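Here is a short briefing on one protein chain. Keep the 3D view open while reading.

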Amino acid sequence: MKELILEIKKMSKKFGPIVALKDVDLQIRRGQIHGLIGENGSGKSTITSIAAGMQEATSGEMFYRGEPWKPASMVEAQARGVSMILQEANTISNCTVAENLFAGQEDHFSTLGFMNSRKMNQAADELLEKFGLSYMKGRDSINTYGFEDRKLVELARAVNDDTQILVVDETTTALSFEGRKILYRLMDRLAAEDKAVIFISHDLDEILEHCTILTVLRDGEIRGVISREEMQKEDSISRIRQLMVGRDIGDQFYRSDYDASHGAQVALEYRNVSNEKIKEFSLELHEGEIIGIGGLSGCGMHEIGRMAFGLEHLDHGHVLCRGKEVLNTADAVRQGIGYISKNRDQEALILEGAISTNIVMPSLPDLRKAGFISPIGERRMAKEQIDLLAIKCENAGQWVNTLSGGNKQKVSFAKWMAKGSDIIIMDCPTRGVDIGVKQAMYQLIYEMKKAGKAILMISEEMAELIGMADRLIVMKDFQIAKEFSRSESLSETDIIEYMI
């Protein structure tokens with residue numbers, strides 16, 4: 001066995017009355033890609049955030065490279081070789097790519113108090129080239145890049161020659177097919193250099209393919225440690241799932257039917273819409289239909305979703321809801337359109353607000369009686385959704401920024417369920433959601449289809465689109481490259497050739 005690089009002993013963490021970790025022991029060795037998996041709120045991110053200096057443990061101790069370890073901040077941890085890529089966006093808006101890459105290191109590019117921007121931009125370009133991101137430039141504004149590219153900038157910022165441990169917290173859910181390949185190559189390189197990676201993911205296939213050892217958590221406790229050899233056994237997936245959720249959830253994830261029928265009424269229509277990226281895009285989404293849209297990073301699929309909710313300017317064409325033009329976001333909500341954003345922290349949620357506030361926000365006009373909002377109605381609505389989606393929280397008044405990533409995603413889903421929106425645009429709807437909840441959400445989406453709701457599902461997960469969509473649209477270069485009908489024989493291989 002290789003040398004221990006990080007050891008955690010009897011770590012516990014409490015948030016008020018909530019026990020997030022209970023006497024956890026964890027060992028990370030050099031050369032490992034050490035997977036952490038568990039349900040939302042199981043403690044995965046809590047462990048790693050303590051190790052990376054984001055917060056302190058309530059009790060327990062840590063040792064890094066044989067010495068006691070208690071970093072005061074992420075900056076200190078990274079300076080000493082422990083870096084973490086967070087699940088949510090962590091770039092600085094209205095700054096350049098270079099300024100994001102070298103935030104906190106500006107003195108390296110200063111002389112007598114004056115910043116040498118040219119020198120910083122050149123260093124940024126060299127760093128981007130090293131990570132295979134030469135299409136980005138240091139002088140560019142970070143605002144010109146989407147969520148996926150920003151995550152890659154974070155990756156380049158987090159890793160340097162001194163990095164000994166890289167923590168990857170659900171980052172792949174934010175990356176495209178190409179972006180994931182960049183991350184996987186980096187993980188393999190760090191392991192080959194006798195460094196270590198702690199890899200948090202809900203994707204079992206990804207875990208089994210890339211990890212050399214796996215630790216499973218449930219309710220803040222370690223439930224099992226699985227070696228590479230054990231991961232390769234036929235029953236490994238079933239065993240891991242059972243350790244995660246405490247029960248056998250079976251193998252049926254997606255829809256079992258292949259009936260792609262739908263209602264006759266067109267619920268949402270794109271009629272020759274164009275802007276600076278999308279050109280002459282047309283599509284009809286019917287009542288009781290699930291249309292999936294997939295593709296590589298920069299293909300235009302996320303912009304398509306934003307267009308229907310009034311978040312993207314149109315130079316030409318119209319988005320119609322049952323024949324009536326959608327004018328802006330407020331009009332989209334009034335017409336019954338809901339939108340689950342991929343970038344939930346910035347576009348979907350009020351982080352410094354209660355769970356109940358977030359859930360009822362779109363429904364406030366419906367709760368108003370004689371000019372007043374009914375507090376009883378608010379509480380009832382919030383409780384119904386918390387129970388329906390099993391949002392793990394102390395109560396409805398708990399702030400959203402204290403929730404795990406998966407539970408945040410449930411809240412962003414819950415507000416449109418509460419509103420009763422009959423057209424829902426879902427941009428990566430199961431991002432950061434654990435395996436048991438994913439299964440329940442897919443069933444819920446299918447029930448919504450059967451109830452006549454129209455669903456536009458945008459996702460980088462090909463299996464998700466194949467498993468749920470009545471029609472699957474492949475985007476490439478901001479236009480439709482291919483359309484597939486629902487079929488038992490449809491595979492990811494059939495789709496990928498039209499994406500690349």
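**Helix packing around H16**

H15 and H16 pack with axes 10 Å apart, at an angle of about 125 degrees. The model is predicted.

- The crossing of H15 past H16 is right-handed.
- On the H15 side, the residues in contact are Met381, Gln385 and Leu388. They meet Ala414, Met417 and Ala418 of H16.
- Helix H16 (residues 405-419) also packs with H17. Their axes come within 13 Å and cross at roughly 20 degrees.
- H16 is therefore roughly parallel to H17, since the angle is under 35 degrees.
- The H16 and H17 crossing is left-handed.
- H16 contributes Lys410, Phe413 and Met417 to this contact. H17 contributes Val437, Met441, Leu444, Ile445 and Met448.
- Two packed helices are described by the angle between their axes and the distance between the axes.

**Nonpolar cores**

- The largest nonpolar core has 123 residues. Leu155, Tyr270, Ile293 and Phe413 have the most contacts inside it.
- Helix H17 (residues 435-450) gives the most to this core, with 8 residues.
- What does Phe413 touch, leaving out residues up to four places away in sequence? Its contacts are Ile340, Leu389, Met426, Pro429, Met441, Leu444, Ile445 and Met448.
- In soluble globular proteins, nonpolar side chains tend to be buried together.

**Strands S18 and S21**

- Strand S18 (residues 337-340) and strand S21 (residues 423-427) run parallel, joined by 4 bridges.
- Ile340 stands opposite Met426 of S21. Phe413 touches both Ile340 and Met426.
- In S18, Ile337 and Tyr339 point one way. Gly338 and Ile340 point the other way.
- Are these S18 residues buried or exposed? All are buried.
- In a regular strand the side chains alternate between the two faces of the sheet.

**The open sheet with S1 and S2**

- An open sheet is formed by 4 strands in the order S2-S1-S4-S5, with antiparallel pairing.
- Its edge strands are S2 (18-29) and S5 (67-68). Each pairs on one side only.
- Strand S1 (residues 4-15) runs antiparallel to S2, and 8 bridges join them.
- Lys14 has Val19, in S2, as its bridge partner.
- Helix H1 (residues 44-51) packs on the sheet. H1 touches S1, S2 and strand S4 (59-64). The direction of H1 makes about 115 degrees with that of S1.

**Backbone and loop details**

- Most residues other than glycine have a negative phi, and most peptide bonds are trans.
- Lys10 is not a glycine, yet has a positive phi of about 50 degrees. Lys10 lies in strand S1.
- Asp23 is not a glycine either, and has a positive phi of about 50 degrees. Asp23 lies in strand S2.
- Asp23 has a relative accessible area of 43%, so it is partly exposed.
- Where does Gly397 lie? Gly397 is in the loop between helix H15 (375-388) and H16.
- Gly397 is partly exposed because its relative accessibility is 43%, which falls between the 20% and 50% cut-offs.
- Gly397 and Ala354 are 43 residues apart in sequence. Their C-alpha atoms are 4.8 Å apart in space.

How values were computed
Residues are numbered from 1 along each chain as its sequence is written. This is a predicted model: local features need pLDDT of at least 70, side-chain atom pairs count only at pLDDT 80 or more; totals for chains, interfaces and linings use all residues. Side-chain values use heavy atoms; hydrogens and water are left out. A nonpolar core is a set of buried Ala, Val, Leu, Ile, Met, Phe, Trp, Tyr and Cys residues joined through side-chain atoms within 4.5 Å. Buried means under 20% relative accessible area, exposed over 50%, partly exposed in between (1.4 Å probe, protein chains only). Helices (H or I, at least four residues) and strands (E, at least two) are DSSP runs, numbered from the N terminus. Contact means heavy atoms within 4.5 Å. Two strands pair if DSSP finds at least two bridges between them. Axes are lines fitted to C-alpha atoms, for helices over the stretch in contact, and angles run from 0 to 180 degrees between N-to-C directions. Angles under 35 degrees count as roughly parallel, over 145 as roughly antiparallel, 65 to 115 as roughly perpendicular and the rest as oblique. A crossing is left-handed if the near helix is turned anticlockwise from the far one by less than a right angle, and right-handed if clockwise.
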